[in-house]
Structure formats: C-alpha cells, structure tokens
Amino acid sequence: TVSEADAARKDAISLVAVGVGSGVNDAELEGIADRHQDVFKVNDFDSLPTVTQNIMQRACQASATVPPMSATLAPNTVDPCQDKDPHCNMYDEGTCTQYVQWSTDNCARFCKICQPLTPDVKPACQNKLPNCGDYDM
C-alpha cells in the first residue's frame, strides 16, 4: 500500500511498482513507485517476463528518495533513540519480543521501540560485477 511504501522510503528504500491484471489501481501504483517510470503493468502473471529486464534496469538505477532527516536537525542535536548494547544488530529479531524489558533498556533502536530522529540509511546498492547486465532474469 502507499502507507507501507512511505514507511519504506523513510528507511531510504527506493521503490518500483508492478501491477498484474486489469483490476489494478493505477493511483495506488503511482503512489507506491518513486516515479511514474517506475510503474510497470502486465495483463497476467505469464506476461511478467516481458517486463523483468526493464524492472531490473530501473531497480539498478534506483536511489533513495527521502533525504536524511538529519539535514533538518539543529547542529549538535543528539538522537535519544540509541542502542546501549553495540551488538544489537547481531541478535535475532525474536530477542525483541522475547525479552521486551531487556530490549527496551539495551536495544531500543534496533528493536524499533523508539522513534529515531535520524533514519538508519543503508548504503546504496551497487553492482560488484561489471557484467551484471549480461544476466537474464
């Protein structure tokens, strides 16, 4: 949905949208995709291979669309949503629900217990091989 797409954008995720069938909601596809050229439609699932290469090309050209929120913060602002334990990212996400109090005290950011002022921006996806375009998918 559009609201889930907006949440993904806050995590610096770029999006394409694919609609299958005659009953797709064009407005929703446009709301999900970052740009109009990131919307793809096919008549049925058997037709998906006809747009796969175009989808992959758009995905490879994608870049995060939401600027980091840190650009709007006052200088020297400290984000209170931090993990006290430097190893939170090594824990299974089930830890967050099994040990709620411990997670709240030690891994609040990792467990999404608090709302960070600045998003965790993941590095842009880049091809490591120069011939990625040679592969049919």
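Guide: The term means a side-chain nitrogen of Lys or Arg within 4 Å of a carboxyl oxygen of Asp or Glu. This is a predicted model, where local features need pLDDT of at least 70 and side-chain atom pairs count only at pLDDT 80 or more, while totals for chains, interfaces and linings use all residues. Residues are numbered from 1 along each chain as its sequence is written, and side-chain values use heavy atoms, leaving out hydrogens and water.

Visitor: Is Asp38 buried or exposed?

Guide: Buried means under 20% relative accessible area, exposed over 50%, and partly exposed in between, with a 1.4 Å probe and protein chains only. Asp38 counts as buried because its relative accessibility is 1%. Arg35, at 28%, is partly exposed.

Visitor: Which residue forms a salt bridge with Asp38 at 2.7 Å?

Guide: Arg58 does; 2.7 Å separates the closest N and O atoms. Arg58 lies in helix α3 (residues 52-61) and Asp38 in the loop between α2 and β2, so the pair ties together parts 20 residues apart in sequence. Helices (H or I, at least four residues) and strands (E, at least two) are DSSP runs, numbered from the N terminus. Arg58 is buried, as is Asp38.

Visitor: What else is Asp38 in contact with?

Guide: Contact means heavy atoms within 4.5 Å. Leave aside neighbours within four places in sequence, and Asp38 touches Leu15, Val16, Ala17, Ala33 and Arg58.

Visitor: How many salt bridges does a search of the whole structure find?

Guide: Three. One of them joins the side chains of Asp26 and Lys41, at 3.0 Å from N to O. Asp26 lies in helix α2 and Lys41 in strand β2, so this pair ties together parts 15 residues apart in sequence. Asp26 is partly exposed at 41%, and Lys41 is partly exposed at 48%.

Visitor: Which residues make the nonpolar surface patch?

Guide: Patches are made of residues with over 30% relative accessible area and no salt bridge; like charges are joined within 9 Å, nonpolar side chains (Val, Leu, Ile, Met, Phe, Trp, Tyr) within 5 Å. Here Tyr91, Tyr99 and Trp102 make one of about 310 Å². Areas come from the Shrake-Rupley method with a 1.4 Å probe; for residues, only the protein chains shown count as cover. Trp102 sits in helix α5 (residues 100-106) and is partly exposed, at 34% relative accessibility.
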